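Here is a short briefing on one protein structure. Keep the sequence and the 3D view side by side as you read.

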Amino acid sequence: ISDQKPLGCWSVKHGQILTCPVVCNFETHEYIAVHDDKVLRIWKNEDINLDKAFKATLSADVYRIHSLPHGGPVVLFRGGGARTLDVLLEAPQQEIENVISDEVIRWSGAFMEGQQPVLIFTTEKDGDFFVYVQKPKLSSLHKYKLEQQESSKPLCFTAHITNQTVTLLCLYSNDSVYQVLIPLQQDTEEEEEEEILSKSLLLKFSVPGTVLKGTSLVVLDKDHVAVLGSLTVPGKEPRECLSIWNTKFQTLQTSKELPLGTSGQLWCYEEKFFLIHGKVLTVIMYKCETSSLAAAVGKLKDSQNPDVSSFVNWNTLEDEELVVSFQSQESVALKAESKMNLRSRRSTVAKVQPETLSVGQLLLNLKDASTYVLETELRQLMSKAPTPDLQATIGCVVTALTDRCKRNPKYYPQNFLLEIVETRDLSYSLCPDLMAVALEKKDMHLLQICLERFPDIPEEITYACLKAFLSISEAHLQNIDVDLDSVICYIDVEFDDKEVKTEIVENGFSAEMDQDMCDTKIPKETKSRSDGESCPVGLQKAALLNAVLHSAYTETFLLPHLKNLPAQQAILFLRYLYYLYVKCSEKVNTTLPGIRSPTINQIMDWMCLLLDAHFAVMVMLPEAKELLSNLHKFVRAQVRFYSELNKIEGSLRELQRLNHLRESQTYSIEVLEII
């Protein structure tokens, strides 16, 4: 979320439907989904094709899967039966009991009580509501009936467990929240008669001159709840809003209007709200204060400084002033940590004192300043002692520079931008316009550095960089300063810029092994450059392409862009990848020398991507025929070599075992016959 970058995407086949929310198994780091009610799918992040993932067809329809951090996934079936995932996978076709009759499940939740998972779900039948408390591992089930409320009914539920007691909160249609306490019983026998649960009024929504109709409710702590709903003012259209209430003092803490509308759903995780606002996901961080009467009353008097502020806005600020985009982050504690190891950063934006200018206001004041004054002030701003908000400040500095570049086409502080990117820990999301400006200015060096350092570059920008690198002429690149550390150790050049031919000793690849293999050991002057012996691009272009190979990407989102790459550029890029592949195969450890040189896995992944995107075109192009043929022969030779190694793997292991058994002091001569 902090990188605003998609990391994975999986799809079911046409005609199949995902019938319950997908969850993550915290213990195995796997995803679990159910499609068509009964088909269970389990896969890991590196799996690409969902159709090839683990599949199990169950005997009953699944209502919901709940994943607990220390208790594993629990599967709740529509008939009220429940199983832990490990028990279910032992016999997927096991019979699932039907514990509810003609009832429909309205809500469910899972919690840990000690070492035992506890499943709670509510059902409805003919206007009556029932509550079930189940411990799947102990085969314990208790059923309760919810006390009826005149002229109103429950809209949504939420619960938590404290001291062996389930606290169930019910949001009713009469603008009230009721509380139900359910003690966790220790016996394992099923209840013969259902107990009627009494409820107590916890909160009555009371906003002068308005009516709040809630649709979703979450518990924040023992004294605070959050409600997502619509606020109706007489004579006006209803407006959706998010509000936080103090249940102890019955007061409204803060509220935020959501003019673009919501889906009616609200999630809460690690002091962050997640909700759909319009067409984007909005993440709002909150911090509950210690409940006190003074704080509760004070909130009613001062609604201009709510203690909840949105720190993620997925809408791009196109024409707004920089001060607006930065000040929206003030007074917010931002904690973002990437789960995919793309980036680990922590930044906190502290509240600015009234007597000092905020960074946003300072940058706004410098909007029309001269170039010298602007860069001098910005350097001073960045040279201050490290503070928690320094990273966000530097991002705003870069944004200020790129904004001026867009307003004044003649202005482009290349050296200043390079200095910032090379010496500061930035990311694409902190300065999203930087690479777009660099592409417009054809600043290849800056793009190279960004590709090597930014962990969250969108696939569209990665493709734009690749296309720009392949399009630019070798003659133009000769006059551009490019970092050559990734290529200088394996591409040797003479003074006439021609590559020096060096003896190639392939890893298990020789002309004697197969007559029709790619004969890379015999240098021929008339040989095509597509055979992998000579680098098809110059040093500068090779270094730029290596930066693209290092950039993180998601195949699902990159492939559509690669299909737009012109055929000639795709062939050139494939020739370079083939050249790198041959170079890697010369080394026993298949590793290229140099700093930030591409790895064999990166090379292979990009070759597969490129062939997937352009295979049909390349098969039809005459100039690609020899390249594909040589690539096929080389790969086939590699496969045969490793196949031969596999044949003697057992003998080599036996030899290793005998070496361990032999006494080091004993001299002997042994003859081992390998058949």
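Leaving aside neighbours within four places in sequence, which residues is F454 in contact with? They are V421, L426, S427, Y428, C431, L434 and M435. Keep in mind that this is a predicted model.

**The largest nonpolar core**
- The largest nonpolar core holds 86 residues.
- M435, F454 and Y576 touch the most other members of this core.
- Helix α14 spans residues 567-586 and gives the most to this core, with 12 residues.

**A second core**
- A separate core has 21 residues.
- Among them are Y144, L146, F157 and C170.

**Strands β12 and β13**
- Strand β12 covers residues 154-162, and strand β13 covers residues 165-172.
- The two strands pair in the antiparallel sense over eight bridges.
- F157 stands opposite C170 in β13.
- Both F157 and C170 belong to the second core.
- β12 and β13 form a hairpin, with two residues between them.
- In that turn, N163 has a positive phi of about 50 degrees.
- β13 is mostly covered, with seven of its eight residues buried.

**Strands β13 and β14**
- Strand β14 covers residues 176-183.
- β13 also pairs with β14 in the antiparallel sense, over eight bridges.
- Y172 stands opposite S176 in β14.
- The hairpin of β13 and β14 has three residues between the strands.
- Here D175 takes a positive phi near 60 degrees.

Terms used: Residues numbered from 1 in each chain as written. Predicted model: local features only at pLDDT ≥ 70, side-chain atom pairs only at ≥ 80, totals over all residues. Heavy atoms only, no water. Core = buried A, V, L, I, M, F, W, Y, C linked by side-chain atoms within 4.5 Å. Buried < 20%, exposed > 50% of the residue type's maximum accessible area, 1.4 Å probe, protein only. Helix = DSSP H or I, 4+ residues; strand = E, 2+ residues; numbered from the N terminus. Contact = heavy atoms within 4.5 Å. Pairing = 2+ DSSP bridges.
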